[in-house]
Amino acid sequence: MISSNKQPIYLDNAATTRCDPRVVEAMLPYFSERFGNAGSRNHQFGWEAEDGIEIAREQAAKLIGAQSKEVIFTSGSTESNNLAIKGAAEIYARAAAGQMGRGHIVTAAHEHKAVLDPVRRLMREGFEATFIQPPADGVITAEMVAAALRPDTILVSIMWVNNELGTINEVPQIGRLCHEREVIFHTDATQWVGKMPTNVETDQIDLLSWSGHKIYGPKGVGALYVRRRKPRVRLEALQDGGGQERGMRSGTQNVSGIVGFGKACELCAESMDAEGARLLAMRTRLESELVKRIEVTVVNGHATKRVPNIANISFGFVEGESLMMGVREIACSSGSACTSASLEPSYVLKSLGIGDDLAHSSLRLSLGRWTTEADVDAAIEMIENAVNHLRRLSPLYDLHKEGIDLSKIVWQSH
Ligand SMILES: *Cc1c(COP(=O)(O)O)cnc(C)c1O
């Protein structure tokens, strides 16, 4: 018999998650019987679609402690971040342009590209920005943000959880600081919401982005929370047209996607506590076993200020590409980003001061709702075998074992 194609073990839930079957089930009628355009105000098909969207808006709002009117549906976190950052910058730009520039934005060097690139575009349009350098543990504190604030700061954008490291920034404290200083605060909460309890009131957030496909919902749908009171946050729309989503996001709504997003939010709210405990136990086992079994192994990012599902681990004396080849039965991410021809170490790991070698030879293993203990055990075995195999071929590892300090060697070329 021909053996079936065995699927790799999926440990890449920070990249995307498998849709929950209950989400798919909730979506299906909106492709068929309830296919209406939510903007059609004159007939039942339109009303049904609108009802579906409004239920989803309540489910989404409930997950983050917001009012449903404060939730704007988008195509995902990339769009939510763009709308929050560019939309706020346009409105809050210093009216007296010239003298002092258009305004100053504070963010961090290890944010997602979907925050860094909008900020960089604003810089080309006359805004100034500070990119806070993270410390070695990757955690951005309120003190760091306070030190970066200027009299002309109009916006702070600090992600809640770093997607490569899983590290948790001091979001409620940063929120309080921003409110005291009357600066708008945006957080890219893509890796936080749905996994950890969120309340935009007590956490003092003005703008918050999250995405369906990171929380067992569909791809191509997400939301932006926009605070309506204390303060009432205003945004310039990026896209003009039919005026959907309170004018902030024109375009016929993705009804089935939004319904699925709402259902995904509801399911996360129900299962968050139990799931978090289960994931933490599995991740702790994954990390401690790998560190115990394989020497010169480092867990990157803060030891405890991390979400329960993400581990980022570097293995000394192995080469990044060979490591990825060695663990190809595990679907995960590496600290090497293949950018066209070159192999660049992750800018996130580099920003923590991790050397190129250890950044290249790192794996991001992210667990999720469908991860089993058997998956974790198998992954531990596979990684141990792969690293041991590669080290047997490594002359540098031999030198290390002989007790030679490699950092003291002067390499000569002939
Ligand atoms: C995945 C991710 C994004 C991008 O979200 P999309 O919905 O895919 O656009 C942005 N920020 C963070 C932190 C992410 O993890």
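Salt bridges, each defined here as a side-chain nitrogen of Lys or Arg within 4 Å of a carboxyl oxygen of Asp or Glu, number 22 in this structure. The model is a predicted one, in which local features need pLDDT of at least 70 and side-chain atom pairs count only at pLDDT 80 or more, while totals for chains, interfaces and linings use all residues. Residues are numbered from 1 along each chain as its sequence is written, and side-chain values use heavy atoms, with hydrogens and water left out.

One of these pairs joins Asp-20 to Arg-369, with 2.8 Å between the closest N and O atoms. It links distant parts of the chain, 349 residues apart: Asp-20 sits in the loop between strand S1 (9-10) and helix H1 (21-27), and Arg-369 in the loop between strand S15 (362-366) and helix H11 (373-392). Helices (H or I, at least four residues) and strands (E, at least two) are DSSP runs, numbered from the N terminus. Asp-20 is buried, at 1% relative accessible area, and Arg-369 is buried at 11%, where buried means under 20%, exposed over 50%, and partly exposed in between (1.4 Å probe, protein chains only).

Another salt bridge brings Glu-287 and Arg-283 together at 3.5 Å, N to O. Both residues belong to helix H7 (residues 255-293), where they are 4 residues apart, about one turn of the helix. Glu-287 counts as buried at 9% relative accessibility, and Arg-283 likewise counts as buried at 4%.
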